[in-house]
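Me: I am new to this structure and would like to know on what grounds each label is given. Please take me through the terms one by one.

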Amino acid sequence: MKISHHTVVFVCLTALCRSGIAVDLSNNFMEANEQIYFEELPIVLSASLLAQPVSEAPNAMTVIDRKMITASGFRTIADLFKLVPGMYVSYYKGSQPIVSYHGTTDQYARRMQVMIDGRSIYLPPVSTVDWANLPITLDDIERIEIIRGPAAASHGANSMQGVISIITRDAGGLDGKSVKVTRGNGGINDVALRFGSIGEVFDYRMTLAYSADNGYENLSVPPHNISLTQPGAPTLLNNNYDSNAARLMNFRGSYHPNGADSFDIQFGLNYDVQGVGFVDKNPTSTNPNSTNGNMPHDLFSESGFAQLGWIHQLGEESEINMRFYHIQQNRNEALPVYIGGTYYPGPVTQSIKTTRNEISVQHTLRTTQTNRLVYGSALRQDSIEGSSDITPLALKFSTSEKMHEWRIFAHDEWTVHSKLLLNMGGLLENDRMDHQNFSPRFVMNFHATPEHTFRVGTSIAYRTPALVEEKFPAIQPGDLIIPGAATSSPNLKPERIESRAIGYLGEFRQWGTSVDLRVYRDLVSGVIYTDRVKQVFTNGLDAEYRGLEATLKYSPSERSDFILNYARAWAKSNSTSLAPNLVSNDPVNTDIVSASLPRNSASMLYAQRRESGFSWSVGYYFQDALQPFDRGYIDHQFSQRRLDMRIAQSFREILGSNGEVALVVQNLFNRDNTEYVANNVLDRRGYATLTLDW
């Protein structure tokens, strides 16, 4: 293999690094002690793979902890990210959330890495996250760390916009049993059983759960008086065959035979049935069922994972940790179709199997009192096997791919002075397309006082093209793809981002307040888009993003919390010059990158807990209008305002158990907030929850 100049730079960077300590994400709550929960500015574990206070991390961070998860009243993991400044959360269907950060918002949101206990769940062929098919519940989550900004220097390609790191509860986090039942309108029907035990050398916890709802209510008239004759909007598809029913289990065990070794064991399964497909409600249509071809049907998905982690202490501040994980997902469907004006009851069948195996090792050590170092490497293998049988058209095709990736990284934290900290790091990666990308990061944290910190930094990151972009058409259960509709795009290159940011973190302890401010400028080049004329994916879209993000936290007492998030964003691109190759969207703003970014967004969460066990919380969520990047103007998303409320009463020693009764009402004032697809309108929704612990 030819050694590139990136490799030489990386080796030099590693040689210059002088110190470090890291915490394995799958065991971080065993290593980071209770100070995490009592610090005004919490310790984070994801930004550099070092345990650091937020004020010393190289990226802007948002931490969603157990208190916030409970107070929000949310049922789905995706909705939690409404509490992150600058983050966009919407739904293509009731069972298919979209979570993205900073623009070019499309159905797949491919530019953010998502991990659970250190394993990536960002999977081919679409290179996105199936949020409805995760084998964990909200109650399994201890906290979520969100890196706001590129983080490829620690987490590799596809950490282009940021990283979501979901950290589940430790194996020793439950000693007993718990049952939780939720019922509500819209077909909401959830039940979960959790149990665990703490032993001298072995702890474990386990979850068995079922979750279901009917998705959005049907909408068969144009929203907000948009005419069906608007350019780019010839029909209004009924997108509301979108029910979801999931059955899951997960297990986590911790074996700690001595003071030097700790083993983390995890596995889980999920079986999900999603309603997909469309019904055409255009009153001028001659087809009572569908002119789309993809008729309403069920999509069946099975996923599972197994993970093993080992930490070996070499000394007081030196350790080696290794992790291996295996992920597998099978998706299949069978559906009748309506193609070319003819209805075919004979089914189209599509199936795809995706697997991932990854092994990683990292070493942490402290070489001096002022330096900490972490370095390591990882190997990954992805494989895909798929088939599609379109019997009505006598068409069959299949795909089989094996992909290999490797990466090496190093990160150094150097305390130059009591007021100045340098975070320096880089990652060299060979992606599945055999591109070698080097992602560096350099950040200075200046502590003007112990309570006031300024952060200045720059970084570079990349996104590897998805398989569906490189070799379209690819098999995608849930989307009916007819072979020959497009040609392959073999010359795609990774997208690139160069990011610069200035941040401020302030603690005002006398007022129980903290402030987090961030100003950024991101230059993105080689963005992949669909050329509508040539029917291929291609590089060539360039964009600039600028913005301001702010978080204010105020805790007037131990029993009340107030969190306010705000983001203002601007974008510009060369998309206007690429027309008509791009989809025709906003008739006013022809820069569709700029149109896809809400100019202003905000969220607010207030919670209060009484000594009597009564608690209540209120959440408010606002977002300016936007035009989804890959949708016609009929799906223009108007500004949103939404108010949620939660009230709860806990109790003790009733029928031999402790517990809580809670009531949640979402969209209290029943505003007609349309989602990513105009048919998805969230009506007022309410549900009650009973939890019993013993």
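Reply: Let us begin with a term: a salt bridge is a side-chain nitrogen of Lys or Arg within 4 Å of a carboxyl oxygen of Asp or Glu. Please keep in mind that this is a predicted model, in which local features need pLDDT of at least 70 and side-chain atom pairs count only at pLDDT 80 or more, while totals for chains, interfaces and linings use all residues. Residues are numbered from 1 along each chain as its sequence is written, and side-chain values use heavy atoms, with hydrogens and water left out.

Me: What makes the pair of aspartate 140 and arginine 194 a salt bridge?

Reply: The N to O distance between the side chains of aspartate 140 and arginine 194 is 3.6 Å, and the rule asks for a separation within 4 Å, so the pair qualifies. Aspartate 140 sits in the loop between strand 7 and strand 8 (141-148), and arginine 194 in strand 11 (residues 189-198), so the pair ties together parts that are 54 residues apart in sequence. Strands here (E, at least two residues) and helices (H or I, at least four) are DSSP runs, numbered from the N terminus.

Me: Why are aspartate 140 and arginine 194 called buried?

Reply: Buried means under 20% relative accessible area, exposed means over 50%, and partly exposed is in between, with a 1.4 Å probe and protein chains only. Aspartate 140 has a relative accessible area of 0% and arginine 194 has 7%, so both fall under the 20% limit.

Me: How do you know that arginine 380 and glutamate 358 form a salt bridge, and where do they lie?

Reply: Their closest N and O atoms are 2.6 Å apart, which is within the cut-off. The pair links distant parts of the chain, with arginine 380 in strand 20 (residues 371-390) and glutamate 358 in strand 19 (residues 342-368), 22 residues apart. Arginine 380, at 11% relative accessible area, is buried, and glutamate 358, at 2%, is buried too.

Me: Which labels do glutamate 507 and arginine 509 receive?

Reply: The side chains of glutamate 507 and arginine 509 meet in a salt bridge of 3.3 Å, N to O. Glutamate 507 has a relative accessible area of 7% and is therefore buried, whereas arginine 509, at 51%, counts as exposed. By the salt-bridge rule the count comes to 36.

Me: What makes aspartate 79 a buried residue without a salt bridge?

Reply: Aspartate 79 is buried, and the nearest side chain of opposite charge, that of arginine 642, is 4.4 Å away; because the rule requires a distance within 4 Å, there is no salt bridge. On charge, Lys and Arg count as positive and Asp and Glu as negative, while His and the chain ends are not counted. Aspartate 79, placed in the loop between helix 4 (66-72) and strand 4 (87-93), does have a polar contact of 2.9 Å with the side chain of tyrosine 91.

Me: Why is that called a polar contact?

Reply: A polar contact is a pair of N or O atoms within 3.5 Å; within protein, one must be able to donate a hydrogen and the other to accept it, and residues adjacent in sequence count only if both atoms are side-chain atoms. The 2.9 Å between the side chains of aspartate 79 and tyrosine 91 is within that limit, so the label applies.

Me: What is said about the phi of aspartate 117?

Reply: Phi of aspartate 117 is near 50°, a positive value in a residue other than glycine. Most residues other than glycine have a negative phi. Aspartate 117 lies in the loop between strand 6 (112-116) and strand 7 (119-120), and at 1% relative accessibility it counts as buried.

Me: Is aspartate 434 buried or exposed?

Reply: Aspartate 434 has a relative accessible area of 58%, over the 50% limit, and is therefore exposed. Its place is in the loop between strand 22 (420-430) and strand 23, and its phi, near 65°, is positive as well.

Me: Why does valine 519 count as partly exposed?

Reply: Its relative accessibility is 46%, which lies between the limits of 20% and 50%, so valine 519 is called partly exposed. Valine 519 lies in strand 26.
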